[in-house]
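Please look over the sequence and the model shown below. The briefing that follows treats charged pairs, overall architecture and a few individual positions in turn.

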Amino acid sequence: GDGPLTRTIHDALLGRPHQALVQVAVPFAENRRTLQVSVLPTGEGVTLHWHDITDRARADHALKRREARLMLAAEGAKDGLWEWDLRTGELHTTARWSDLLGLPALREGRNASEWMQRVHPDDVAPLRAAIDAHVEGLAECVEHEHRVRHADGTYRRFLCRGIAARNEIG
């Protein structure tokens, strides 16, 4: 056939720049296997190195499906979702979160200080206390209502909920 592997081999034989790795789905007795093929030019020919990556390919596919379901659920709930990496201070938000505050959606993360700077001055200390209590293990989750400054300058009330994802050291 004229698939990506055939084209890559052909290009390698002609000395053209080529793709070093090609993924190939191969039907086996009861299921398909995904193989990664390295095409290495050698003198007047090529050497093919086949590596079975079926498990990784299936895990990648399952992860993409889970992410798609989560995003669909988030969109349906009309909630603004956020993830705050306490180690780096980076805050990842959904487009809905940005929309609720009248801010442009960003592909990259924001700095969490941007969120805190928008919290009404009277609400900052209680919000930080609620977050700290959860991080220190004194509260099962964060659940705090506070005012946040919208891009138009008005303050709007938000109910913030969160739960920490902890690693082996807490």
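Arg156 and Asp152 form a salt bridge in which the closest N and O atoms are 2.9 Å apart, a salt bridge being a side-chain nitrogen of Lys or Arg within 4 Å of a carboxyl oxygen of Asp or Glu. This is a predicted model, in which local features need pLDDT of at least 70 and side-chain atom pairs count only at pLDDT 80 or more, while totals for chains, interfaces and linings use all residues. Residues are numbered from 1 along each chain as its sequence is written, and side-chain values use heavy atoms, with hydrogens and water left out.

**Salt bridges**

- A search of the whole structure finds eight salt bridges, and side chains of opposite charge can pair when their charged atoms come close.
- Arg157 forms a salt bridge with Glu145, with 3.6 Å between the closest N and O atoms. Because Arg157 lies in strand 8 (residues 155-162) and Glu145 in strand 7 (residues 142-149), this pair ties together parts that are twelve residues apart in sequence.
- Within that pair, Arg157 is exposed at 55% relative accessible area, whereas Glu145 is partly exposed at 46%.
- Asp85 forms a salt bridge with Arg87, and the closest N and O atoms of the two are 3.1 Å apart.
- Asp85 counts as partly exposed at 22% relative accessibility, while Arg87 counts as exposed at 72%.

**Fold and overall dimensions**

- The protein chain has five helices and eight strands, where helices (H or I, at least four residues) and strands (E, at least two) are DSSP runs numbered from the N terminus.
- Along the sequence, these elements of the protein chain follow the pattern α-β-β-β-α-β-β-α-β-α-α-β-β.
- The protein chain has a radius of gyration of 25 Å, whereas a compact globule of 170 residues would have one near 15 Å; the radius is taken over C-alpha atoms, and the globule rule is 2.2 Å times the number of residues to the power 0.38.
- Taken along the principal axes, the C-alpha atoms of the protein chain fill a box of roughly 75 × 35 × 30 Å.

**Burial, contacts and surface**

- Of the 170 residues in the protein chain, 26% are buried.
- Among contacts in the protein chain with a separation of 6 or more, 30% are accounted for by residues 24 or more positions apart, with contact meaning heavy atoms within 4.5 Å.
- The protein chain exposes about 11900 Å², of which carbon and sulfur atoms supply 53%; accessible areas come from the Shrake-Rupley method with a 1.4 Å probe, and for residues only the protein chains shown count as cover.
- The mean positions of the 23 positive and 25 negative charges of the protein chain are 4 Å apart. Lys and Arg count as positive and Asp and Glu as negative, without His and the chain ends, and the place of a charge is taken as NZ of Lys, CZ of Arg, CG of Asp or CD of Glu.

**Individual positions**

- Met71 lies in helix 2 (residues 54-77) and is partly exposed, with a relative accessible area of 38%; Met71 and Pro104 are 33 residues apart in sequence and 18 Å apart in space, C-alpha to C-alpha.
- Asp55 is placed in helix 2 and counts as exposed at 57% relative accessibility; Asp55 and Thr34 are 21 residues apart in sequence and 8.3 Å apart in space, C-alpha to C-alpha.
- Glu136 is found in the loop between helix 5 (121-135) and strand 7, and Glu136 is exposed, with a relative accessible area of 56%.
- Glu136 and Asp85 are 51 residues apart along the chain, and their C-alpha atoms are separated by 15 Å.

Note on methods. Buried < 20%, exposed > 50% of the residue type's maximum accessible area, 1.4 Å probe, protein only.
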